[in-house]
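Come and read along as I look things up.

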Amino acid sequence: MLGALTADLDPTLFTLIGGVVGLLVGSFLNVVIHRLPRMMERDWRLHCAELRGEELPEEQPFSLVWPRSRCPACGHAITAMENVPVLSWLYLRGQCSACHASISPRYPLVETISGLSCAFAAFHFGYGWAALGAMLLIWCLVALTCIDFDTQLLPDAITLPMLWAGLLFNLFATYTDLQSAVIGAVSGYLSLWLVYWAFKLITGKEGMGYGDFKLLAALGAWLGWEMLPLTILLSSLLGAVVGIALIVVAKRGRNVPIPFGPYLATAGVLALFWGKPLTRVYVGLL
């Protein structure tokens, strides 16, 4: 059945479908990026109140789907026509239609990145589970990147299901064999865990969070242990370049923490699409 559909589906059409789906999901990713950290803070606050024996305050329902998206400045409910990915932001000229408050350009940027990345995944892998899995991985990494930039958190609600999804996809050797995926998950977690404790014992400071361990474990589950050296190398290079640029150009203090998750996520996407040729290049240089 899948083979027949693959033969009949035009690659250009599938690429276009992937891009449209990516744009639509990108719009939902903006909701996840905005609301998930607030949902976590709310749960922590309620849990702390419960542990102190305090009466839990009554709060309005708040989730990824409720209440409807509103302008944070005036409370104007976003209509369906104002929620079309990218186009609505351009039509509104980056302003709320009711109060004309500025709408962050990150909203269309996230939608565009999601759309283009999913279109490329459809083009690169062709019709099948590999393309669908790549889109799922990209959506998780985009959300984690933005959340980590905003809050320096990598929510378990994304990283842990992402890890299990990688193992499930590789039950059928979608990206690597299952043994490599399991070893990749374990090795990914332990490698950064060891770096964390070595740094802490030497300096007395925490160099990264536990979310980074889980994110690299998830990437190991998707891509296999063979891609971990490349992922760590690329993320370290990206982090060093951006960190130096922030210190030199933006005059950012050396003691200001820089989230590592976005660089792991970027390296994971590069390894997903070009892992083998990039590995041959750096092994050749060594």
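My entries below go from the whole chain to single residues.

**Ground rules**

I am working with a predicted model, in which local features need pLDDT of at least 70, side-chain atom pairs count only at pLDDT 80 or more, and totals for chains, interfaces and linings use all residues. Residues are numbered from 1 along each chain as its sequence is written, and side-chain values use heavy atoms, with hydrogens and water left out.

**Entry 1: the whole chain**

I began with the secondary structure, and the protein chain has 10 helices and zero strands. Helices (H or I, at least four residues) and strands (E, at least two) are DSSP runs, numbered from the N terminus. Read along the sequence, the pattern is α-α-α-α-α-α-α-α-α-α. The radius of gyration is 21 Å, close to the 19 Å that the globule rule gives for 286 residues, so the chain is as compact as a globular protein of that length. For that comparison, the radius is taken over C-alpha atoms, and the rule is 2.2 Å times the number of residues to the power 0.38.

I also looked up the box that the C-alpha atoms fill, and along the principal axes it is roughly 60 × 55 × 45 Å. Of the 286 residues, 39% are buried. Buried means under 20% relative accessible area, exposed over 50%, and partly exposed in between (1.4 Å probe, protein chains only).

Next came contacts, meaning heavy atoms within 4.5 Å. Among those between residues at least 6 apart in sequence, 70% join residues at least 24 apart.

**Entry 2: the surface**

The protein chain exposes about 16600 Å², and carbon and sulfur atoms supply 69% of that. Accessible areas come from the Shrake-Rupley method with a 1.4 Å probe; for residues, only the protein chains shown count as cover.

I then found a nonpolar patch on the surface with about 1200 Å² of accessible area together; its members include L168, F172, W193 and Y210. Patches are made of residues with over 30% relative accessible area and no salt bridge: like charges are joined within 9 Å, nonpolar side chains (Val, Leu, Ile, Met, Phe, Trp, Tyr) within 5 Å. Which helix gives the largest share of the patch? I noted helix 7 (residues 178-203), with eight residues. W197 is another patch member, and its place is in helix 7. At 31% relative accessibility, W197 counts as partly exposed.

**Entry 3: salt bridges**

Side chains of opposite charge can pair when their charged atoms come close. I used this cut-off for a salt bridge: a side-chain nitrogen of Lys or Arg within 4 Å of a carboxyl oxygen of Asp or Glu. The structure holds four of them, and I wrote up some here.

R106 pairs with D150, the closest N and O atoms being 2.8 Å apart. R106 is in helix 4 (residues 106-125) and D150 in helix 5 (residues 129-151), so this pair links distant parts of the chain, 44 residues apart. Both residues count as partly exposed, R106 at 31% and D150 at 44%.

K214 pairs with D156, again with closest N and O atoms 2.8 Å apart. K214 lies in helix 8 (residues 210-223) and D156 in helix 6 (residues 156-169), so the pair ties together parts that are 58 residues apart in sequence. D156 is partly exposed at 36%.

E206 and K200 also meet in a salt bridge, at 3.6 Å from N to O. Is E206 buried or exposed? I found E206 exposed, with a relative accessible area of 55%, while K200 is partly exposed at 27%.

**Entry 4: N30**

I looked up N30 in helix 2 (residues 11-51). N30 is buried, with a relative accessible area of 7%. Leaving aside neighbours within four places in sequence, N30 is in contact with R106, Y107, V110 and E111. The side chains of N30 and E111 are joined by a polar contact of 3.5 Å. Such a contact is a pair of N or O atoms within 3.5 Å; within protein, one must be able to donate a hydrogen and the other to accept it, and residues adjacent in sequence count only if both atoms are side-chain atoms.

**Entry 5: two residues of helix 6**

L163 lies in helix 6 and is buried, with a relative accessible area of 15%. Beyond neighbours within four places in sequence, L163 is in contact with A217, A218 and A221. W164 lies in helix 6 too, but W164 is exposed at 56%.
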